[in-house]
Amino acid sequence: MVQPIFRKLLKYAGLSLFAGLGYCCRPPGIPVLVYHSLDSTNSRISIAPAIFAMQMEQLDKAGFRVIGLEQFMSAAISREHPSEKVLVLTFDDGLKNFYESAWPILNERGFSATVFVPTDFIGQKSWWYSRYALTPLPMLDEKELRELHRSGVDIQSHGCSHRKLTDLSPPEVDREVRQSKAALERILEKPVDFFCYPFGEVNQDIVDSVRNAGYKGGISMVQGLHRKDDNPYMMKRQSLDYISIADGHTANLSIKACVFGTFAWYVRAKQTLLRLFA
């Protein structure tokens, strides 16, 4: 019993420290947050709906405007300067529980979000999860994607098969990039302008493929804030999957560190300590 309690106290102390650092010396840039699944399984990529609702309530009370990636990047490309109170929420993998659990919470507060969809699995299950000791979950279907789009959710590409693009041949990468874009544009009847690299795996050839396919930007898993002069094909994010958020105190501290731009610092510090004491 001692070890889990000690680890929890260390987590509280670390998040408090980095949230405090962000409050005192907030780094420049706009927070782009990563979520995957809203469920109560406590898997490494999930957050309970009640915990997520706490975080959104905190953002709302703090006066944040939560927008989709398309809206944010349109402003960045046109060299507008978004307010410091702007936040972008992204949900990878196109899971149905976004429609069932996340969107009602967001919509109630007037928030938007971006959902990245791997198109080979639309209306099926996230079968690739089984390769990573995760339970496959139901995916959004075409009807739900259209409904979410009409309601103001930003739907963008996460490739076709959710394979690591760095493991694929150039023709396979081209299929992932181009066919996923075409499939979503057929379903939504609107341009699909942003590509999220599965697992964050990317190199210059993949970036070139995404650019040549007509995308305006590419979204990575590099931890940090997005600044107006950053490469739009290597957008940084802050992933809340790097910690277990199983209680309200962790929920509040983690979202504070995210909006102050120091959650990525916390993740790097945690990874360094784990390597040192492994």
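Beyond its neighbours within four places in sequence, Ser157 is in contact (heavy atoms within 4.5 Å) with Phe116, Val117, Ser180, Lys181, Leu184, Val192, Phe194, Phe195, Cys196 and Tyr215. Ser157 sits in strand 7, residues 154–157. Helices (H or I, at least four residues) and strands (E, at least two) are DSSP runs, numbered from the N terminus. Ser157 has 0% relative accessibility, so it counts as buried. Buried means under 20% relative accessible area, exposed over 50%, and partly exposed in between (1.4 Å probe, protein chains only).

The model is predicted: local features need pLDDT of at least 70, side-chain atom pairs count only at pLDDT 80 or more, and totals for chains, interfaces and linings use all residues. Residues are numbered from 1 along each chain as its sequence is written, and side-chain values use heavy atoms, with hydrogens and water left out.

Now the helix pair. Two packed helices are described by the angle between their axes and the distance between the axes. The axes of helix 2 (residues 49–61) and helix 4 (residues 96–108) come within 10 Å and cross at roughly 20°. Helix 2 is therefore roughly parallel to helix 4. Axes here are lines fitted to C-alpha atoms, for helices over the stretch in contact, with angles from 0 to 180 degrees between N-to-C directions. Angles under 35 degrees count as roughly parallel, over 145 as roughly antiparallel, 65 to 115 as roughly perpendicular and the rest as oblique. From helix 2, Pro49, Phe52, Ala53 and Met56 meet Ser101, Ala102, Ile105 and Leu106 of helix 4.

Next, the charges. Side chains of opposite charge can pair when their charged atoms come close. The structure holds 17 salt bridges, each a side-chain nitrogen of Lys or Arg within 4 Å of a carboxyl oxygen of Asp or Glu. One of them joins Asp92 and Arg237, at 2.9 Å from N to O. Asp92 is in strand 5 (residues 86–92) and Arg237 in strand 10 (residues 235–239), so the bridge ties together parts that are 145 residues apart in sequence. Asp92 is buried, at 4% relative accessibility. Arg237 is buried too, at 0%.

Arg163 and Glu176 also meet in a salt bridge, at 3.5 Å from N to O. Arg163 lies in the loop between strand 7 and helix 6 (170–188), and Glu176 in helix 6, so this pair ties together parts 13 residues apart in sequence. Arg163 is partly exposed at 31%, whereas Glu176 is buried at 0%.
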